[in-house]
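Biologist: Before I use any of the labels on this model, I would like to go through them with you. Please set each value against its definition.

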Amino acid sequence: MLAVVNRVLIGLAGLVLLVLGGSVLAVGLGVRPPSWWIHHGRHDVLLTAAERTRWRDQGWWWPTVIAVLAVLVLLALWWLAAVLRRRRLAAVLVDTGDGAGALLRGRALEDVLAADAREPDGVERAQVRLVGRRHAPAARMQLLLEPHVDPGTALYDLSSGALAHARESAGLASLPAEVRLRSARHRAERVT
């Protein structure tokens with residue numbers, strides 16, 4: 001969802017800037033603008049002195065300006081925090097039994113878990129992403145199943161096989177997983 005919002009906001013901002021910048025450039029190069037446009041000629045300014053000071057004496061003007069700018073700043077900060085936040089778990093804390101512990105790279109565990117999830121017959125593709133905290137990771141998985149595979153059997157194989165193996169090998173008390181199952185499209189068979 002965040003990626004869609006990010007792309008839409010960047011696209012809208014780019015479109016607005018392109019239209020405004022292109023119109024200013026066109027008017028500056030001598031193109032005659034329509035009568036309703038904000039610029040009327042090559043030497044026209046964006047805001048005249050009268051337009052800039054028009055609402056200054058009104059009591060609602062400054063609180064409204066400050067509120068709108070504050071909302072824009074908060075939205076920009078939210079957007080920046082959402083973009084900079086890490087989506088994946090970088091490392092998993094493995095209990096070695098001596099009290100020190102060890103760090104296992106999150107990508108390595110994701111790759112092994114995906115390879116184990118692809119092993120049973122009928123699993124065409126598996127994608128894994130670890131989320132959560134180092135001491136309490138969780139897996140988000142997507143499995144693409146061939147049309148003949150029973151989803152219940154595939155889920156049982158995954159939980160008793162790949163997830164159990166990853167949990168035991170990393171020494172985790174639990175490894176919760178959110179699994180999304182999709183069916184591959186049935187390919188047309190050729191009849192000869």
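Biologist: How many bridges join strand 3 to strand 4?

Modeller: Ten bridges join them, and the two strands run antiparallel. Strands count as paired if DSSP finds at least two bridges between them, so strand 3 and strand 4 are called paired. Leu130 stands opposite Ala139 in strand 4, and a hairpin through two residues joins strand 3 to strand 4.

Biologist: What are the ground rules here?

Modeller: The model is predicted, so local features need pLDDT of at least 70 and side-chain atom pairs pLDDT 80 or more, while totals for chains, interfaces and linings use all residues. Residues are numbered from 1 along each chain as its sequence is written, and side-chain values use heavy atoms, with hydrogens and water left out. Helices (H or I, at least four residues) and strands (E, at least two) are DSSP runs, numbered from the N terminus.

Biologist: In what sense do strand 4 and strand 5 pair?

Modeller: Strand 4 (residues 136-145) pairs with strand 5 in the parallel sense, over seven bridges. Met141 stands opposite Val179 in strand 5, and Arg140 has Glu178 as its bridge partner there.

Biologist: What makes the sheet open, and why are strand 3 and strand 5 its edges?

Modeller: Three strands form the open sheet in the order 3-4-5, with mixed pairing. Strand 3 (123-133) and strand 5 (177-183) each have a single partner strand, so one side of each is left without a neighbour in the sheet.

Biologist: Why is strand 4 called largely enclosed?

Modeller: Buried means under 20% relative accessible area, exposed over 50%, and partly exposed in between (1.4 Å probe, protein chains only). Seven of the ten residues of strand 4 are buried, so the rest of the structure largely encloses this strand.

Biologist: What makes Glu178 partly exposed?

Modeller: Its relative accessibility is 37%, which lies between the 20% and 50% limits, so Glu178 counts as partly exposed.

Biologist: How do you know that Glu178 and Arg180 form a salt bridge?

Modeller: The rule asks for a side-chain nitrogen of Lys or Arg within 4 Å of a carboxyl oxygen of Asp or Glu. The side chains of Glu178 and Arg180 meet at 3.2 Å, N to O, so the pair qualifies as a salt bridge. The count by this rule comes to one salt bridge.
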